[in-house]
Amino acid sequence: MCNEYHIKIQSFKKPPTIVEKCIKMPFINGKTPNFKDTLIGVNDLFKNGFFMGDAKPSNFLKTPEGSVEPIDFGLVFKHDTLESIDHEVKKNIISDYLKGGFRYIPNEIKNEYHSCIVKLDDILGKDSPTRKINLKILSKAGL
Ligand SMILES: Nc1ncnc2c1ncn2[C@@H]1O[C@H](COP(=O)(O)OP(=O)(O)OP(=O)(O)O)[C@@H](O)[C@H]1O
Ligand SMILES: [Mg+2]
């Protein structure tokens with residue numbers, strides 16, 4: 001997802017590499033963004049066709065130039081390839097979204113996020129974390 005995103009935005013940063021079973025990411029200089037800037041980061045990702053299950057400030061960095069860069073692509077996905085997401089990753093996307101990711105989704109794109117979460121939940125069926133999460137949490141997240 002990281003490589004796909006950087007190709008999409010035509011950024012020429014060094015690509016991530018695999019070093020001794022670990023993913024080595026290119027260093028991005030910046031500070032953890034505030035709430036408002038995190039919403040901007042999530043919206044920028046969306047404009048380029050990407051969703052983030054665990055949206056939160058620590059998954060972005062605000063550069064000195066003012067852009068908000070995504071840095072953690074672990075639960076980043078595209079809505080047109082939902083089926084092909086690894087089973088465990090599907091579960092993590094739903095549970096992190098419900099646990100708090102939903103708070104960082106701008107209102108204008110909440111419906112699109114909501115529809116992806118519902119589709120993932122459908123695909124997972126009885127394996128979906130929604131079956132184990134209490135109704136209060138589900139309704140807080142808008143499900
Ligand atoms: N490419 C990068 N360049 C610079 N700093 C980074 C980079 N990747 C991660 N960091 C720093 O490490 C922190 C955590 O990174 P990351 O989100 O990848 O780990 P995590 O284990 O998922 O932690 P968290 O639960 O806080 O999200 C970031 O908030 C950032 O400060
Ligand atoms: Mg993270």
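Here is a short walk through the two ligand sites of this predicted model. Local features are taken at pLDDT of at least 70 and side-chain atom pairs only at pLDDT 80 or more, while totals for chains, interfaces and linings use all residues. Residues are numbered from 1 along each chain as its sequence is written, ligands are numbered from 1 in the order in which they are written, and side-chain values use heavy atoms, with hydrogens and water left out.

Let's start with ligand 1. The residues around ligand 1 (a heavy atom within 4 Å) include Met 25, Pro 26, Phe 27 and Ile 28, and also Lys 56, Ser 58 and Asn 59. By class, this shell holds six nonpolar, two polar and two charged residues, where Asp, Glu, Lys and Arg count as charged, Ala, Val, Leu, Ile, Met, Phe, Trp, Tyr, Cys and Pro as nonpolar, and the others, Gly among them, as polar.

Now for individual atoms. A polar backbone atom of Ile 28 sits 2.9 Å from a nitrogen atom of the ligand. Oxygen atoms of ligand 1 lie 2.9 Å from a polar side-chain atom of Lys 56 and 2.9 Å from a side-chain N or O atom of Asp 72. The protein buries 54% of the 610 Å² that ligand 1 exposes when taken alone (Shrake-Rupley method, 1.4 Å probe).

Asp 72 brings us to the magnesium ion, ligand 2. Asn 59, through OD1, and Asp 72, through OD, coordinate this ion at 2.0 to 2.1 Å (donors are N, O and S atoms within 2.8 Å of the metal, or 3.2 Å for Na, K and Ca; water is not among the atoms, so sites may look incomplete). Asn 59 is buried, at 4% relative accessible area, whereas Asp 72 is partly exposed, at 29% (buried is under 20%, exposed over 50%, partly exposed in between, with a 1.4 Å probe and protein chains only).

Methods. Polar contact = N/O pair within 3.5 Å; in protein donor to acceptor, adjacent residues only side chain to side chain.
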